[in-house]
Amino acid sequence: MTAQRQCIFRALQGAADHPSAETVHRVVAAEMETVSLKTVYQTLHDLTELGEVAALDVGTGVTLFDPNIEAPHHHLVCRRCGTVRDLAVALPEVRIPEEASLGYEIGSAEIVFRGLCPDCRTAVPAPA
Ligand SMILES: [Zn+2]
Ligand SMILES: [Zn+2]
């Protein structure tokens, strides 16, 4: 691993909030000014391919990166501020009957729970 890659990996390891590439770049750039956003994108892509991190799309408009690959988990998404947290709760496995699977071999499923985070719950109501 190059120093840049290690720095990017470290920035992600400490993050519980599923940062975007831009967020990772901000953290990394504070330590290594010379790291470009392009390098961060490429490195996150490589780490995802290697299975070191997981890429996550929960409909917030950007790809997020998740260092928690050991424990299968679901996600809580704040519909107001877009915060994404891990939901570590054992849910019954979702099983699709063979005849409903449209011929797909289904490997995995995640459930995304949408709601309001604690900060947004206490904030003033959004305009309608
Ligand atoms: Zn929120
Ligand atoms: Zn996660």
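**View 1. Contact between domain 1 and domain 2.** In this predicted model, 5 residues of domain 1 are in contact with 7 residues of domain 2. On the side of domain 1 that touches domain 2, the residues divide into 2 nonpolar, 2 polar and 1 charged. The domain assignment places domain 1 at residues 3-66 and domain 2 at residues 74-117. Between the C-alpha centres of domain 1 and domain 2 the distance is 23 Å.

**View 2. The whole chain, for orientation.** The protein has 128 residues, of which 16% count as buried. Its secondary structure comprises 4 helices and 5 strands. Along the sequence these elements follow the pattern α-α-α-β-β-β-β-β-α. A box of roughly 50 × 45 × 25 Å, taken along the principal axes, is filled by the C-alpha atoms. Among contacts in the protein with a separation of 6 or more, 49% are accounted for by residues 24 or more positions apart.

**View 3. The largest nonpolar core.** This core holds 16 residues, and those that touch the most other members are Ile8, Val24, Val28, Val40 and Leu44. At least two residues of the core come from each of α1 (3-13), α2 (21-31), α3 (37-49) and β2 (64-66). With 4 residues, α1 gives the most to this core. As general background, nonpolar side chains in soluble globular proteins tend to be buried together.

**View 4. The surroundings of Ile8.** Which residues does Ile8 touch, not counting residues up to four places away in sequence? They are Val24, Val28, Val40, Thr43 and Leu44. Ile8 is also one of the residues of the largest nonpolar core that touch the most other members.

**View 5. The open sheet of 3 strands.** The strands of this sheet stand in the order β4-β3-β5, and their pairing is mixed. β4 (84-87) and β5 (112-115) are the edge strands; each has a single partner strand, so one side of each is left without a neighbour in the sheet. From one strand to the next, the twist averages 25 degrees.

**View 6. The pairing of β3 with β4.** In general, strands of a sheet pair through backbone hydrogen bonds, in either a parallel or an antiparallel way. Strand β3, residues 74-78, pairs with β4 in the antiparallel sense, over 4 bridges. Which residue of β4 does His74 stand opposite? The residue opposite His74 is Leu87.

Key:
Residues are numbered from 1 along each chain as its sequence is written. Chains are lettered from A and ligands numbered from 1 in the order in which they are written. This is a predicted model: local features need pLDDT of at least 70, side-chain atom pairs count only at pLDDT 80 or more; totals for chains, interfaces and linings use all residues. Two strands pair if DSSP finds at least two bridges between them. Axes are lines fitted to C-alpha atoms, for helices over the stretch in contact, and angles run from 0 to 180 degrees between N-to-C directions. A residue is buried if 20 or more other C-beta atoms lie within 10 Å of its own, exposed if 12 or fewer, and partly exposed in between; C-beta atoms are placed from the backbone. Two residues are in contact if their C-beta atoms, placed from the backbone, lie within 7 Å. A nonpolar core is a set of buried Ala, Val, Leu, Ile, Met, Phe, Trp, Tyr and Cys residues joined through C-beta atoms within 7 Å. Domain bounds come from an automatic or database domain assignment. Ala, Val, Leu, Ile, Met, Phe, Trp, Tyr, Cys and Pro count as nonpolar, Asp, Glu, Lys and Arg as charged, and the others, Gly among them, as polar.
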